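This report covers one chain as a whole and then turns to selected residues. The sequence and structure are shown first.

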Amino acid sequence: MIQLLLLPAALLIALVFGIPLIRYCWLSVHANSVVTGLVAIPNHGANWLRLFNDERFWQDSAQTARFAFVSVSLELLLALAIALLLDQRWRGRGVVRAITLLPWALPTTVMALGWRWIFNTPYGPIEQLAVLFRLPPLNILSNPDITWLATVVGDVWKTTPFVALILLAGLQTIPNDLYEAFYLEGGNPRAAFFKVTLPLLQPYLLLGLLFRLAQAFGVFDLIQVMTGGGPASSTESLALYAYLNAMRFLDFGYSATVMIGSFLLLVFICLFSWLVIYQTRHLRGVFK
Amino acid sequence: MNRRTGWGLALFLVLTSLAVLTSWALSLRPIRINVLMPASFADQTTELVRKFNADHTGKINLRVTRGPLETEAVSDLAISSLLLGKSPFDALLIDVTWLPKYAAAGWLAPLDPWIDQQAIDSLAPGAQLGNSYKDQIYRWPLVADMGLLYWRTDLMKEPPKTPQELLEISQRIQQEGRVPYGYVWQGRQYEGLSCVFLEVLDGFGGKWLTPGTDIVGLNSPASQKAASWLRKLISSGVSPKAVINYAENETLQLFKSGDAALMRNWPYAWGEVQKTNSPIKGKVGVTTMVAAPGHKSTATLGSWGFSILKGSSNPDAAAEVIAFLTSTYAQKQLFLKNSYTPTKAELFNDPELLAKSTILPILAEALQSTEQRPQTPLYAQISDVLQRQLSSILTGKSNVNTAMDRAQRNTEQILLAAGET
């Protein structure tokens, strides 16, 4: 019964994930707010009906998904480039590796405050650059069409090192013999990248993708500090909406519904991206 | 009596006397009172706390928990501890908008046993507001806070009195090239925007929510005028477009740098612009917010005050702490050292205070015309609705009529849904 050895880990997961999840599912079918005196009263799925008709929930879902996809894609591309660079042997590599990790080591709220000032109009450095090139004020944080891109920049800056670290670990598992054999057969470096590096790195790319997708989908602190969800609610994320419902409005029933709703969306998205990658892998016959 | 019973009796006696002694010693131990305050208040009351503890040695030991700096983060901390059941705090320093919510949640103890009519009468008129919910007092004010209009005395002779004058004066000064911006205020999608709007709305003769009723006035003509005026400030260039993401800090920074002629802010900004390193030191005046002809100028009531938690095991001691921290003596110290606006009426005529601050009479005047934000446990929700719609107006995403109609509808829905439950 070797499976028994998994029991402690399974119990721990049940404790920290299972119980809250069940509790939230239970809360999501109850009215529990300041109006009910913080007492849970079953409300027969009224929360879920409200969620489906809640424009704001769907708007936030779309915004969160947009934020997550754009920032995670950029992070994967940039991280791949950085990981390839850091995998090469060159002088001072150790120092650069350490420096690369710095943004990730910084608390999000601190760096988000930093970005808020970097994008500040008129005193931030970005605006000063605009002045230098005689451009009109950019007003990056006051334009609902572009403010979300500023939050993407903040997120990419902060978490690219994390993805780079995963990919670097992946690169180091690829044996050198494979490259030697490939070159011996007359392959060039470009082909080596596409035929050896990328296929063998795929599990790590998938890992980075799923990790980051889940994180980016729950983005909270960065948005809260940089924009507070504005302007015109254009940067509000699902986590921010759930937080507002719980901590500001004291509506725990509906907050739980938003949370479970966004959790289901996330599971769906992760499953979907995994399927896409898994299928393409099979179609191309990379493995086997 | 054999030997064994003798020993047993002795042991019993020793143990009993030990227990009696310990409980006596414990009863002598001072009662510990723990108060949660936002960081800035915790820092600035250190001396008062030391004095209180020196005066109450062996009786009450006051501990202040230094909370986060940001207002809502303090609320998050307090709420988290309250939700867990047994809160470690005996009293909280709370913002005026939290009171109905906390009281409705059943977290606060009514202060009526400790407060009489005489105490209420000793407060300045504006400070008497925002302390009760459903006719019971739950909060005792420490600091008064209200929205003010700051103006540059070197750029204009008189501050604007009406919204129209504000536009004209700003534009004239900007055209003369003396400052790049006219008027800066808090336009970020957050609570500050609701405060800004309330002042303008009342200044045009409108009402957000009529007290004691569910009558919402967000799509009234006055409300549309107010929202249009805010939009016009941005579209006409009187306010920089960047105010759409400005909170108090950014607003103050731009005004303090000398790049704006007018600013809406709270009393704390006065201390900041009068600092020796301020480029506009001595060039700033303070007045009350503009209002359309025939309407009263209005200041949004801020203000912080102490509440006792229902779960406190020593409410009497907590009340003693609050009485000291809000006493005339304490308020005087806080004003002289930190420019905290007092709440006791007599202090506004105190010669020592008047000598230190030229703006005290203006604060007193503004305190006469304060307006509260809607007093309902659902305030956070309806304020959030308003902020969303105002932000979409300011960014030009929606036109005024559509957005204010939506704000009206959403607010009514929230109030209606609460009534049904």
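## Chain A and selected residues

In this predicted model, 68% of the contacts in chain A between residues at least 6 apart in sequence join residues at least 24 apart. Chain A contains 13 helices and two strands, and its C-alpha atoms fill a box of roughly 75 × 70 × 35 Å along the principal axes. Of the 288 residues in chain A, 45% are buried. The accessible surface of chain A is about 15600 Å², and carbon and sulfur atoms account for 72% of that surface. Chain A carries 18 positive and 14 negative charges, whose mean positions lie 6 Å apart.

Within chain A, A:Gly45 belongs to the loop between strand 2 (41-42) and helix 2 (46-52). A:Gly45 counts as partly exposed because its relative accessibility is 25%. From C-alpha to C-alpha, A:Gly45 and A:Asp221 are separated by 30 Å in space and by 176 residues in sequence.

In chain B, B:Gln186 lies in the loop between strand 8 (181-184) and helix 8 (191-203). B:Gln186 is classed as buried because its relative accessible area is 0%, which is under the 20% cut-off. The table lists two partners of the B:Gln186 side chain.

| Partner of the B:Gln186 side chain | Distance |
|---|---|
| B:Thr251, side chain | 3.5 Å |

The contact with the side chain of B:Thr251 is polar. Beyond its neighbours within four places in sequence, B:Gln186 is in contact with residues including B:Gly192, B:Leu193, B:Val196, B:Tyr246 and B:Asn265.

Terms used:
Residues numbered from 1 in each chain as written. Chains lettered and ligands numbered in written order. Predicted model: local features only at pLDDT ≥ 70, side-chain atom pairs only at ≥ 80, totals over all residues. Heavy atoms only, no water. Helix = DSSP H or I, 4+ residues; strand = E, 2+ residues; numbered from the N terminus. Buried < 20%, exposed > 50% of the residue type's maximum accessible area, 1.4 Å probe, protein only. Polar contact = N/O pair within 3.5 Å; in protein donor to acceptor, adjacent residues only side chain to side chain. Contact = heavy atoms within 4.5 Å. Areas by Shrake-Rupley, 256 points an atom, 1.4 Å probe, with all protein chains shown as cover. Lys, Arg positive; Asp, Glu negative; His and termini not counted. Charge placed at Lys NZ, Arg CZ, Asp CG, Glu CD.
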